[in-house]
Amino acid sequence: MNWKCGALLATFQFISIACASAQPTIFWFNDPVGPDETVLVTGADLNEVTQVTVARIPDQGSASAPQEETSVAVLQANPLSLKFTIPKEFAPGIYRFTLTHAQGSLTGRANLPTIYWTQSNLGDSASPGGWIQVFGRNIVRQSGRAQLVLQPDGSNAPTKAVLTKGDLWRG
C-alpha cells in the first residue's frame, strides 16, 4: 500500500513538472550600441520571444516627449540568444527594449552609465578643488552633458560636478 501512494505521488510530480513552462530570461546584452547596430541578448528560452520593441529614452532635462516603442525584427533567435537592430532613425542615446513572450515580457536598457570604480586626488576621497576620475562603461556619451552627483561625507546636500573630459570608458 505504501509503495502505491509513493508511485501515485511521483506520477503527479512528473505531470506537474511536464506542465511547467519556462519563461525567457535575460542574462546579458551588449552595449554600448548605436543606431543601426545589432544588440545580442543572451539568456534562456529566448526562442520563445514573439516580438521585440525598442524606444529611445529622452535625455535628462529634455523637453521632448518619450518616444513610442518601435517594433523591430528578430534577426536570429535560439534558446540561448536573440539578435535585433536599433532602428537607424533613432538618435544616439539610452534605449529601452522589450522582449514579449507568451507569459509576459522582459525589458532591458542599453547604454546606461555603469561605474566600475573611481579614483581621486586623495585616493578614495577628494579634497575641495581636487579631481575625481570615474571609470566604467557609457560614462560620457555626449561631451559637456555628463554630470556626476556627489554626496559629501556627513552632509545631506548633494553636489553636481560636470565631467570636463572623457569618453565611453572614463570621465
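Modeller: Happy to! A residue is called buried when its relative accessible area is under 20%, exposed when that area is over 50%, and partly exposed in between. Please keep in mind that this is a predicted model. Searching the whole structure turns up three salt bridges. The general idea is simple: side chains of opposite charge can pair when their charged atoms come close.

Let's start with the pair made by aspartate 59 and arginine 56, whose closest N and O atoms are 3.1 Å apart. Aspartate 59 has a relative accessible area of 25%, so it belongs in the partly exposed group.

Another salt bridge joins the side chains of aspartate 31 and arginine 137, with 2.7 Å from N to O. Aspartate 31 sits in the loop between β1 (25-29) and β2 (38-44), while arginine 137 is in strand β10 (residues 132-137), so this pair ties together parts that are 106 residues apart in sequence. Aspartate 31 is buried, at 14% relative accessibility, and arginine 137 is partly exposed, at 21%.

That leaves the pair I would like to look at closely: glutamate 69 and arginine 96, with 3.2 Å between the closest N and O atoms. Arginine 96 is partly exposed, with a relative accessible area of 28%. Glutamate 69 is partly exposed too, at 37%.

Now zoom in on glutamate 69. Leaving out residues up to four places away in sequence, glutamate 69 touches Thr53, Val54, Ala55, Arg96 and Thr98. Two of these neighbours deserve a second look. With threonine 53, the side chain of glutamate 69 makes a side-chain polar contact of 2.5 Å. The C-alpha atoms of glutamate 69 and threonine 53 are separated by 5.6 Å, although the two residues are 16 apart along the chain. With threonine 98, the side chain of glutamate 69 has a polar contact of 3.5 Å.

So what does glutamate 69 do with its side chain? It forms a salt bridge with arginine 96, and it makes polar contacts with the side chains of threonine 53 and threonine 98.

Definitions and conventions:
Residues numbered from 1 in each chain as written. Predicted model: local features only at pLDDT ≥ 70, side-chain atom pairs only at ≥ 80, totals over all residues. Heavy atoms only, no water. Salt bridge = Lys/Arg side-chain N within 4 Å of Asp/Glu carboxyl O. Helix = DSSP H or I, 4+ residues; strand = E, 2+ residues; numbered from the N terminus. Buried < 20%, exposed > 50% of the residue type's maximum accessible area, 1.4 Å probe, protein only. Contact = heavy atoms within 4.5 Å. Polar contact = N/O pair within 3.5 Å; in protein donor to acceptor, adjacent residues only side chain to side chain.
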